[in-house]
Structures are given as structure tokens and as C-alpha cells.
Protein chains: 4
Amino acid sequence: MEFARPLPGFLLQRYHGWKATTHAENSAWYRRLADEGQRPRAMVISCCDSRVHVTSIFGADQGEFFIHRNIANLVPVYEPDGQHHGTSAAVEYAVMALKVAHLIVLGHSSCGGVQGCLDMCEGRAPELEETGSFVGRWMDILRPGYEAVKGDADMPHALEREAVSVSLRNLMTFPFVREAVEAGKLGLHGLWVDIGSGELQNLDGKSGQFVPV
Amino acid sequence: MEFARPLPGFLLQRYHGWKATTHAENSAWYRRLADEGQRPRAMVISCCDSRVHVTSIFGADQGEFFIHRNIANLVPVYEPDGQHHGTSAAVEYAVMALKVAHLIVLGHSSCGGVQGCLDMCEGRAPELEETGSFVGRWMDILRPGYEAVKGDADMPHALEREAVSVSLRNLMTFPFVREAVEAGKLGLHGLWVDIGSGELQNLDGKSGQFVPV
Amino acid sequence: MEFARPLPGFLLQRYHGWKATTHAENSAWYRRLADEGQRPRAMVISCCDSRVHVTSIFGADQGEFFIHRNIANLVPVYEPDGQHHGTSAAVEYAVMALKVAHLIVLGHSSCGGVQGCLDMCEGRAPELEETGSFVGRWMDILRPGYEAVKGDADMPHALEREAVSVSLRNLMTFPFVREAVEAGKLGLHGLWVDIGSGELQNLDGKSGQFVPV
Amino acid sequence: MEFARPLPGFLLQRYHGWKATTHAENSAWYRRLADEGQRPRAMVISCCDSRVHVTSIFGADQGEFFIHRNIANLVPVYEPDGQHHGTSAAVEYAVMALKVAHLIVLGHSSCGGVQGCLDMCEGRAPELEETGSFVGRWMDILRPGYEAVKGDADMPHALEREAVSVSLRNLMTFPFVREAVEAGKLGLHGLWVDIGSGELQNLDGKSGQFVPV
């Protein structure tokens, strides 16, 4: 492990600040969370993007949100093939073990992953077509979504929102998700946030459209 | 999409609060991040656990951290087989496209995923052995790690820390990660935090041991 | 240049320590900052005082803050007369070239420059009245501020805070600052810190008063 | 003052961290510095650049360094004309009131101000020639320096180092600086640091050359 480097000082400094304030002020709660385990109310699937932190948008309370973050907040279809499926594992754990009441998929503007998918689908990114491109193969999940919004005047926003819809549809292919939803034990929610303006749009189930909250 | 539900009121309320405070106070910065794109200094791979938010521990600055969160903060080995690999895609994007300077893997105490792996490896969780168990198959990534710390007196902490070491070792199986590390363009860091006490431990490259910062 | 002396040993020793730790731990980031240039989020105008280091109060992250430090954290009015104006040049560079999102003026207690201005305005410092006194002529910028708080019971604190207000008002006399502020691309912030207690006060735009954060 | 905005949350968070750690751990010293005033050992004149913090390179001890930061770490010649001269005021205060033992001018690589001067002197930046350009007029201080190193193969580094030499020479035009230097009460030092490699070079008085420390 000789390649492992010590923690940079600026992070050490911030950690010590957090320990002396946030952790100290909530020590009893942290202790209880450690002893009794977590009991999050919702699972949020959002993007890795450094400009979109759900802990900031919805408050960073400890123990409240079970958060999975991946490129373009995508969920693949149900595929129990014995391979590693990190997103499916997170969903399974949240719904089956933690029994969260809400499952929220949060998309956003200026998404690099979605832009890459758009470039790939429109033939502008041959490198993403290669078998060895992890980003390209991951974005394949969104290809059907591209077909659905192809030609939309509001690209890439339309595809960013479609990524949320695709993920929600794919979530419904998971038997345990569908059962929980139909039993009224789990609510699925689709959101899209504009980084620049801070506007949040909510996927309306009836119209299938995203509308400002 | 009739199954999509409107956003719960308590989240709507928090969003409006965030929009009127955090976003308003940083509107110029959000605008710039939207127009010019992100330039995060570090990628952090941590757990989905609701009790461990790196945005809290290291500060929630917008644009600073590219964050991937999955069960037990695991990274699989390099496997360019054309399948969906969410974690590998996130690492590829962070290192190749964003050129982050630091890649930090953050583990933690009371990790449900690691406990599941431990139960599975010790024969106490047959359900996790099934092909259809996404959590079980995801935790297979940690099986070699179990063999390495088997019998350690400090279980499950030993396995939680090993999950961090396994991920760092697996990261080095990615050609583009190894190259960036050897070129001095990327630093790998391993951390483990104790939820109850808030103690942070740093993986020391020389000894391979975790030591309090 | 025979008057130039070698670096004192105690600084040489500290430099070597910094090089082997902070720079080594952040070498990839320093390399990137050198190759791609800086992209600071904020400009901070503070005093030269050795007891007030913004890099300490707000964290010393490399690349984050563009810092101008002068006596009493003063900004003169906009005066494009072709002369040397170091402070105006720093503000012009930060706003026009770097496009910072925040411009923070940080004042502090026990400010020697402000005390000098107070003594001068109250006739106790004839030497500062002389044409050849650079400190006196620099502190002339704060004279209108003295008139505004004259007789305040909380001197010299009132004048130290007024120095921050005067600088913010003067900043608004710069066309490019006013335009950026009105376009929502730049936020102006006024702060005052008490060295002894560490209390930080925030200038409230509505009331014009400084209130503890 | 309605244009003054509240302090952004991420800075508030960092301030609280600093207050609970650095300030708390040094409260007695801060109290004494507040009661008895500062007594810095050295004055440092460095650039505003966010990548070069002398508090980091030489340690961020409270009370040790009186720091003036401006574009390209320049010092104009002695000019007691009754106008505002921020840099001259800082030097006067440090030498006459604080009686610092060392006056250090720290230059650095990739300096935007020096690059601007170079472009201006070589006719590539007409906008900097305008009377209204504060950066251009400020960089006029370095014009004689350009003539001295014109044609040097190692541009812009040669001009960055020359900026340090010019400042030291100009410092000697201040009667009170020359007297303190000749009385052995003040030592002048010239430094240049390379951001990418972290190498520090020391101006050797005899040869007039910069040599790695």
C-alpha cells in the first residue's frame, strides 16, 4: 500500500473543525445512530457532480437520507445475473433492509454524463462507443431515453430530465420496488434542478412532464 | 409514469429554504459553475450510509468534491467487458475527464454492507449467497478482503478498514489510475471514520495500518 | 544588490518542512494550478496585521482565495488618473480577469492603522498630518468615515467597522464592480473580527449594522 | 448598504471550525496579542495570487508576519507626494512603527500580473496601455525591469524574478528603509517560488542571481 498518501492538510483542518462543532454538537445523536443503526426516511439517487449536493439542497441532517450517487443518476433495469450491480445493490438494501418510504431520483442541468450520451448517440463521440469506455457503456442505459426525446428543442435539458424518467421506469422493473410501490409503502419521485438558477422541477406523474415546484 | 408521486411537503419546504439562503448567497458562484463547468479538486468514494456525509465532514463547498457513493464504498477490479460498471465509470470520468488531484476512499463503522459480507463469509446469511441477491453479489468484491483479516479480534472494524484497502488496491488495477498515480498527478488516500466518536483514521502507506489523524 | 541578504535559517527550515509535507501531499493539485491557472472563488481584502490571517480563519486551501492585504483593509474611491493604485489594480484583476463570485472586506479589532486615523482626526498625531507620511495619507481614505461615527461610545471599534463600510461603498464607485453586483455576478460582504475573543461580525445590508454571525 | 450580502454558509461553517479549534487552542495567545499588540518579526510582500500563501509556506503562526499582498508583489519608488500609496504606507508602518527585522519580497511562477506586463511591453496588450487600466498603470512599476531582462530565454520567469529585484531596489529609495538596512536593523530578502515544483529560489546579493535554497 506504499502508494497510499497521507490526508492533505486542508482536509485535516476541515475535519478537525467538523469534529469540534458539528460532531460535538450532535454527539448524543451520533452515538445513538452508531448504537441503534440508521433509519433513513428516504433514498436519494443523484449524480456525482460536485455542483449538486442533495445534503445541501434538502439539508444535511445525519441519519435522514440514504444516498447513492453515480454518473447521471441512472438506474439500470432489473438484471439478477450474478454480476456486480452497485446501483441495484443500493436500491435493494434501501428498499428491503432499510424500508425507506421515499425513493427520489434527482437529475440536474449541465450534466457531463448526459452530454456524453448525447454526443455518443449523435455520432460525435466515437471514443465513448468503444467497449473499453466505462462511461460510454454506463451511458448505454440512457440510449432508449435518447430515442424518446430525439429532436427535442430543449436539448440537453430534455435528455437530462429523460434520464430521471428512465431511472424511475427501470426502478419499476425491480419486483421488490414494484411491490412496495403498489402496497403504498414506497413513493417514487423524479426531480431535476437547474444549477444556475436553483430552480427545482418535479416530475408530474399524470402528465409525465417536469413542472417547477 | 402515473406511479411518480409529487415531492413530499417537508422536502419542498427545505428546498425553498435552501433556495432563499444557500443558493441566494452563492448565486454568482452557482451561475459561474453552471456556465464554466465543474473543476473539483478531489473525488471521494464513500458509502450510501445516511450517517456518513462527506459534505459535512469536509465542508459542503459547491464545486469542490466529485462524490460517488455506493454500498460499503467498494471499487471492483478493472473489467472492461462492455457491461454497465457504475463505479468504474465514475472513476474513469473523475480521473480522465475531470483530472482530479486526489481520490479518497472513506469507510466507516457500523457499515451494514460490510456486516452482511461478514455474515455471508461466515455462513450466517444464506440469502446473501443467492444469485439474485444484488447486495450479496456486490459484496463479493470484499470476499478476498475477508480472507485477509479472517480471525481479527476487532471485527467488523477490521473488515470495514479492509474494504478501504481492497478498493485502493483495485483502483490500482485501472491503467489510467496507475498511470496518473505514477506520474504524480493523482494521490490515493484511505480513510475510516467512527460514527459514534467521530474519530478519523488515515491509512498509512508504509505500515498499511490505519492510524488516528 | 549587495544589500540583499540570504534567507534566515528559521524560515529556510519551515520552507523545507512545508515542501516535504503540504506541497508533497498536494503536489498533483499544485501542478494543476500551475498548468491551468488559478480560479479563485472569492477575493478577500484584509489588513496586513500579523494577528489576522484569513487563510487561517477560512481555511488555507490552495487556489481558493485571491487575497489583497493593506493597512486597515481600505479601498480608495475609483480614480482612473493614470497613477499607481495597487488596491484598485487588485480589485480590477479579481473582478475583470478572475471573475470572482465574492468580494469580502475583513476588518478587525486593535487595528493600528485605524487607531492612527483616530488620533490624527482628533489632533493627537501631528506627524501623521505631514505630506510625507504615507500612513497618514493612506488613512485619509477613512477620514469621511470618522465624521460618520464621531462621538460613538464604542471607539475605536466603531471606526474599525466603519472602515469596512467605507471600503464597500468605495468599491461601488468602480463601474465594473457596480455592474457585476447589479448583474448578480458578484456578492459584496463586510466582516469584522475581534482578535481576542475570535467573535466574527457580519455587516447586515438592511440595517447597516454589524451583527455576530 | 443594501448591496451588502450575508456571509456564504460554507465560510460560516469554516469560521466556526476555526473558532472551535485554532482560536480555542490559542486563546491565551490571541488574548495577549489583542491586549499587548502585535510584534511581528518580519514583513512579507507577496502577490495576491490564490496559489501562493506565505502563511502556508512559512507557517501560519499568529503574530509573526506582517503581510502586504498586491498584484505581482511590487513596491513603487519613494514618492512622498501626498497621494494614497498603500504599499508605501505598509512599508512605512512595518519599518517605523513595528520595527520588523526582516523585509521579504516573495515572487512566484505563472504570475498573471507579470505576464500582463510582458504582453504590454511587447505590444500584445493595448488595453493595458490605457490610462484607465489600473492593472496596466500598476505594472508600469515593472517596465524598467522589462528593459533589464528583455530577450532573456527564460521568460516570463526572468521577469517574475526581476519584479522581486525591482521591488528591493525601490525599497532602498525609501530613506527610512535605507537607514535601517545600513544600521543593520533590517534585512532585505528576495525570493521566488515555483508553484508546480515547490522549488524556492533565494536572491543572492553578491551575484544578483536567484539560486535554489
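The model is predicted, so local features need pLDDT of at least 70 and side-chain atom pairs count only at pLDDT 80 or more, while totals for chains, interfaces and linings use all residues. Residues are numbered from 1 along each chain as its sequence is written, chains are lettered from A and ligands numbered from 1 in the order in which they are written, and side-chain values use heavy atoms, with hydrogens and water left out.

**F65(C)**

F65(C) belongs to strand β2 (residues 65-70) of chain C. Helices (H or I, at least four residues) and strands (E, at least two) are DSSP runs, numbered from the N terminus. With a relative accessible area of 1%, F65(C) is buried. Buried means under 20% relative accessible area, exposed over 50%, and partly exposed in between (1.4 Å probe, protein chains only). Contact means heavy atoms within 4.5 Å. Leaving aside neighbours within four places in sequence, F65(C) touches P40(C), A42(C), V44(C), F58(C) and G59(C), among others in its contact list. That list also includes L11(D), R14(D), C48(D), S50(D) and H53(D). Between the C-alpha atoms of F65(C) and Q38(C), which are 27 residues apart along the chain, the separation is 9.5 Å.

**Salt bridges**

A salt bridge is a side-chain nitrogen of Lys or Arg within 4 Å of a carboxyl oxygen of Asp or Glu. Over all chains, the whole structure has 60 salt bridges. Some of them are listed here.

| Pair | N to O distance |
|---|---|
| R39(C) and E36(B) | 3.7 Å |
| D61(B) and R41(C) | 2.0 Å |
| R161(D) and D154(D) | 3.3 Å |
| E64(D) and R14(C) | 2.4 Å |

In the salt bridge between R39(C) and E36(B), R39(C) lies in the loop between α2 (27-36) and β1 (42-47) of chain C and E36(B) in helix α2 (residues 27-36) of chain B, so the pair joins two chains. R39(C) counts as buried at 16% relative accessibility, and E36(B) as partly exposed at 40%.

The salt bridge of D61(B) with R41(C) also links chains: D61(B) is in the loop between α3 (54-57) and β2 (65-70) of chain B and R41(C) is in the loop between α2 and β1 of chain C, so the pair joins two chains. Both D61(B) and R41(C) are buried.

R161(D) and D154(D) form a salt bridge; R161(D) is buried at 15% relative accessibility, whereas D154(D) is partly exposed at 33%. Elsewhere, salt bridges that share partners join R14(A), R41(B), D61(B), E64(B), R41(C), D61(C), E64(C) and R14(D) into one network.

**Chains D and C**

In chain D, 98 residues are in contact with 97 residues of chain C. The two chains bury about 8,600 Å² between them, 65% of it on carbon and sulfur atoms. Buried area is the accessible area (1.4 Å probe) that two parts lose on being put together, summed over both. M1(D), H84(D) and F134(D) supply 10% of the area that chain D buries against chain C, more than any other three residues.

Between chain D and chain C there are 2 salt bridges and 42 residue pairs in polar contact (both at pLDDT 80 or more). A polar contact is a pair of N or O atoms within 3.5 Å; within protein, one must be able to donate a hydrogen and the other to accept it, and residues adjacent in sequence count only if both atoms are side-chain atoms. On the side of chain D that touches chain C, helix α1 (residues 9-25) of chain D gives the most, with 10 residues.
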